[in-house]
Number of protein chains: 2
Amino acid sequence: MRLGVDIGGTKTEAVAVDGTGGIIQRLRLVTGFGHDAVAQTAISAINGIAELCDISPSEFTSIGIGIPGVVDGQSGRVSHAVNLGLDDFDLASAISESLGISVRIDNDVTAAAYGTYQFLRPGASMGYLNLGTGLAAGLVIDGKPWRGARGGAGEIGHIPVDPSGLHCGCGQRGCLETVASGSGIARAWATDDPYPARSLFDAADAGDAAAIVIRDSFVNGVASAVRILILTADVETIVIGGGLSHLGDDLLSAVRGVLAEWAAASPFLASLDLESRVLLMPQAFPAAAVGAALLGGQIRETV
Amino acid sequence: MRLGVDIGGTKTEAVAVDGTGGIIQRLRLVTGFGHDAVAQTAISAINGIAELCDISPSEFTSIGIGIPGVVDGQSGRVSHAVNLGLDDFDLASAISESLGISVRIDNDVTAAAYGTYQFLRPGASMGYLNLGTGLAAGLVIDGKPWRGARGGAGEIGHIPVDPSGLHCGCGQRGCLETVASGSGIARAWATDDPYPARSLFDAADAGDAAAIVIRDSFVNGVASAVRILILTADVETIVIGGGLSHLGDDLLSAVRGVLAEWAAASPFLASLDLESRVLLMPQAFPAAAVGAALLGGQIRETV
């Protein structure tokens, strides 16, 4: 049995899975903030799942953790995880010291990509497009996660696609993330609704002219991300996940609509059949926790 | 000993190499036009190298061929090789029927990427940016060529980066290839010079205002291609090759200059160190022929 933990900005999801990713136990916790509290959340999740499975943490075949930010898989250090209050934090050691076992840490988008890949098995390659506060992708190439030479594969949110576009927090202009992300929507669409993207889509459906422009720009940006992933890496399938994937079929059909329009104007794009290569993440599937479990290293007792 | 043939629009280059790609014999021929003439060029190249090596074609460990266009590596069929007058042509069978041996056919950019990778060994991953009439890239991931799920990896020339950019032959607008390619330069810079790119750079160096605008747009496009390859696939190194790489250090230093400017404005880009990850293809190295030789399948006598 393998154990996986997905540490998110607000909640942490943990699972016990079998060797193929089938879920045996599942648990949710509120995520703490800062080095000690995040480590404690991970430890509580591991202990909680172990208890549900009625075994000790060291009896799992592997334990893996997915977390936002820049992750060094070798050392288990996590940096730039702003929403969690972590920077240059040795999460792997903090957990090892408390539980006496080794764990593997991965970026949460990589973990979600791999979990989704194992769940859907859409051929030998897949891109996972994470539409959350930001925009990033995880790649699976030849059945294995491709993290990149320096851990930066899939950072497509910061590819500029419009020289006269909006300024981006990264210092560039016209980045995909300025339109195709939750933060992009929040910037353009002022609302008190707890689900700004849903409110935007509803207003556009109701005929609000400003909402239509913002929604179309968002959808166009998501379609552009699909095009970039396929034209660069030519992964067989793109799966849209992340918080905004809860928009569901409204999002998927809008993105497919844009891809179909592009194909009508370009025989080259039509030959790539982008429209049928985009899927939506199955809702309620804890992809990052399952992926982290499957990517986790062998358990070694460290004390 | 392995044999590789690179069939280009005007000339065909063939090599015999050892197991690590070291060149033992080398030969150049003028490429014919149309199905029969191209097949005959490949056969002459194979026979010519065999004669130089004083063995028969069937005695090579492998024979591989790199050719422009869409190539089905399994069947050996070549499509959309417009400059060679080929479409839906079974080149592998034409060669087999004449010589009685099997050969492997690959896209020439894939072959050049792999040949360059074996020559430079710049880590476990590399992107080869082919600046020719068009713009395309070849990827090497985990030491192996990544052709993509449908053979389309690296088609970055048709990623639009400017909504108000030029119309592209592919039916889209603002594609990278409209500025960062030989055809892009030819469209913008009218000249009788046999080397329009060299003429453009010289005119820009001499202070011609129009030339400076066109050159800067070209260089910016090449730098954008580097950024897209690293932000998407995070290959360790990008090597610029293709006909326009003969611009040499003038091109490399201009591209690095743009990447340095971007890094100065964006801490995120600065952290990726794009500037030091771009190299120029070593001139006069027959990358595609060497790569084709190394990618070639085992020789099987077919008659």
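Colleague: Over how many bridges do β5(B) and strand β6 of chain B pair?
Modeller: First off, this is a predicted model: local features need pLDDT of at least 70, side-chain atom pairs count only at pLDDT 80 or more, and totals for chains, interfaces and linings use all residues. Residues are numbered from 1 along each chain as its sequence is written, chains are lettered from A and ligands numbered from 1 in the order in which they are written, and side-chain values use heavy atoms, without hydrogens and water. Strands (E, at least two residues) and helices (H or I, at least four) are DSSP runs numbered from the N terminus, and two strands pair if DSSP finds at least two bridges between them. β5(B) and β6(B) (residues 77–79) run antiparallel, and their bridges number three.

Colleague: Which residue of β6(B) is the bridge partner of Val71(B)?
Modeller: The open three-stranded sheet of chain B has antiparallel pairing in the order β5-β6-β7. β5 (70–72) and β7 (89–90) of chain B are its edges, each with a single partner strand, so one side of each has no neighbour in the sheet. In β6(B), Val71(B) has as its bridge partner Val78(B).

Colleague: What about the five-stranded sheet: which residue in β13(B) stands opposite Ile240(B)?
Modeller: That open sheet goes β11-β10-β9-β12-β13 (chain B), with mixed pairing. Its edges are β11 (144–146) and β13 (278–280) of chain B; each has a single partner strand, so one side of each lacks a neighbour in the sheet. β12(B) (residues 237–241) and β13(B) pair in the parallel sense over three bridges.

Colleague: At about what angle to β9(B) does helix α6 of chain B run?
Modeller: Axes here are lines fitted to C-alpha atoms (for helices, over the stretch in contact), with angles from 0 to 180 degrees between N-to-C directions; contact means heavy atoms within 4.5 Å. Helix α6(B) (residues 209–233) lies across β9 (126–131), β10 (135–141), β12 and β13 of chain B. Against β9(B), the helix runs at about 155 degrees.

Colleague: Are the rings of Phe119(A) and Phe285(A) stacked or edge-to-face?
Modeller: Rings of Phe, Tyr and Trp (its six-membered ring) pair if their centres lie within 6.5 Å, with planes under 30 degrees apart called stacked, over 60 edge-to-face and the rest tilted. Phe119(A) sits in helix α3 (residues 108–120) of chain A and Phe285(A) in the loop between β13 and α9 of chain A, 166 residues apart. Their centres are 4.0 Å apart and their planes at 20 degrees, so the pair is stacked.

Colleague: Is Phe285(A) buried or exposed?
Modeller: Buried means under 20% relative accessible area, exposed over 50%, and partly exposed in between (1.4 Å probe, protein chains only). Phe119(A) has 45%, so Phe119(A) is partly exposed. Phe285(A) has 13%, so Phe285(A) is buried.

Colleague: How far from the ring centre of Trp262(A) does Arg227(A) lie?
Modeller: A charge sits over a ring if NZ of Lys or CZ of Arg is within 6 Å of the ring centre and within 35 degrees of the ring normal. In chain B, the charged end of Arg227(B) sits over the ring of Trp262(B), 3.8 Å from its centre. Arg227(A) lies over the face of Trp262(A), at 3.8 Å.
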